[in-house]
Amino acid sequence: MKKLIVGNWKMYPTLSDSIVLAGSVRSGLEGIGGVQVVIAPPISWLVPVIEHWKRSLPNVHFGAQNIWPDDQGAFTGEVSAYMLKHMVKYAIVGHSERRNAGEDDDLISRKVSACLRWRIKPILCVGETRKMISGETVDQNEWRKVSKQLSEGLSGVKKDSIDDIVIAYEPVWAIGSSNPATPEYCLKVVERIRSNLKDKYGSAADMVQILYGGSVESSNAAEYLRHPEIAGLLVGGASVKAKEFINICRAASSIK
Ligand code: PGA
């Protein structure tokens, strides 16, 4: 399966930044096949970015950084999966920055279900706040938090739709910190996540793509991507630097 690279532009670029960035990313990605790319601009710039993108590239899709689970109604400031269904193929759900802002697993689970209802692939973010692995020792308290985020976030997901789920393993301490988890650390957690999914979904869980995110740059991307267990990367800060992001996508495309 092709690697999946997700660019989460967060609340970084202004409208004019986004248009310039989209133009540079588009031309940089034109010659790069062999990788699936998702671009998640701030929601207010989604339409201008899509319009500016013009001709679509078959391997590049748009994503939302967040969605609201109800379809329509009195939810000031929110945008629903239903409203985005024709614009995005993916949506990031349960990012730690949203969990910090007060989202709980129940809301996140409703968001996951809303995405599936409207044929948007949810990218469910999970991750511990404090480092949980030191050598061979795993801090069970921290792991339990990740395992709870997984089981509760996926509580509405049945076996027949598990292959539409993407999991992003993002240790919170590694996000925006210039202190990424080592690939070895990451692999240990990814293995636990996979086995947790298998306990619930059996062999159907083999189809779930598990990404890594947290201080990924073009200089370290290949270290993660060369492991078949790591299906791709969720990139924040480096995704708003066109050259960096294109180089990460290029690294992903050269992995066989
Ligand atoms: P970062 O962010 O790449 O800037 O660490 C990743 C994320 O928050 O998804």
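This is a predicted model: local features need pLDDT of at least 70, side-chain atom pairs count only at pLDDT 80 or more; totals for chains, interfaces and linings use all residues.
Side-chain values rest on heavy atoms, with hydrogens and water left out.

The ligand sits in the second largest pocket. Here a pocket is defined on a 1 Å grid over the protein atoms alone, as an open set of points where a 1.4 Å probe fits, with protein on both sides within 12 Å along at least five of seven lines. A molecule sits in such a pocket if more than half of its atoms lie within 2 Å of its grid points. The surrounding residues are Asn8, Lys10, His95, Glu170, Ile175, Gly176, Gly214, Ser215, Leu234, Val235, Gly236 and Gly237, where a residue is near the ligand if one of its heavy atoms lies within 4 Å of it. By class, this shell holds three nonpolar, seven polar and two charged residues. In this scheme Ala, Val, Leu, Ile, Met, Phe, Trp, Tyr, Cys and Pro count as nonpolar, Asp, Glu, Lys and Arg as charged, and the others, Gly among them, as polar.

The side chain of histidine 95 places an N or O atom 2.7 Å from an oxygen atom of the ligand. From the backbone, an N or O atom of glycine 176 lies 2.6 Å from a ligand oxygen, and one of serine 215 lies 2.7 Å from a ligand oxygen. The protein covers 96% of the 280 Å² of accessible area that the ligand has on its own, with areas taken from the Shrake-Rupley method and a 1.4 Å probe; for residues, only the protein chains shown count as cover.

Serine 215 has a positive phi of about 60 degrees although it is not a glycine. Most residues other than glycine have a negative phi. Serine 215 is buried, at 15% relative accessible area, where buried means under 20%, exposed over 50% and partly exposed in between (1.4 Å probe, protein chains only). Its C-alpha atom is 9.4 Å from that of leucine 234, 19 residues away along the chain.

Serine 178 also has a positive phi, of about 55 degrees, without being a glycine. This residue belongs to the loop between β8 (166–169) and α7 (183–201) and, at 65% relative accessibility, counts as exposed.

Two strand residues complete the picture. Asparagine 8, in strand β1 (residues 3–8), is buried with a relative accessible area of 5%. Glycine 213, in strand β9, is buried at 0%.

Definitions and conventions:
Residues are numbered from 1 along each chain as its sequence is written. A polar contact is a pair of N or O atoms within 3.5 Å; within protein, one must be able to donate a hydrogen and the other to accept it, and residues adjacent in sequence count only if both atoms are side-chain atoms. On a 1 Å grid over the protein atoms alone, a cavity is a set of points where a 1.4 Å probe fits but cannot get out, and a pocket is an open set with protein on both sides within 12 Å along at least five of seven lines; lining residues have an atom within 4 Å of a point. Helices (H or I, at least four residues) and strands (E, at least two) are DSSP runs, numbered from the N terminus.
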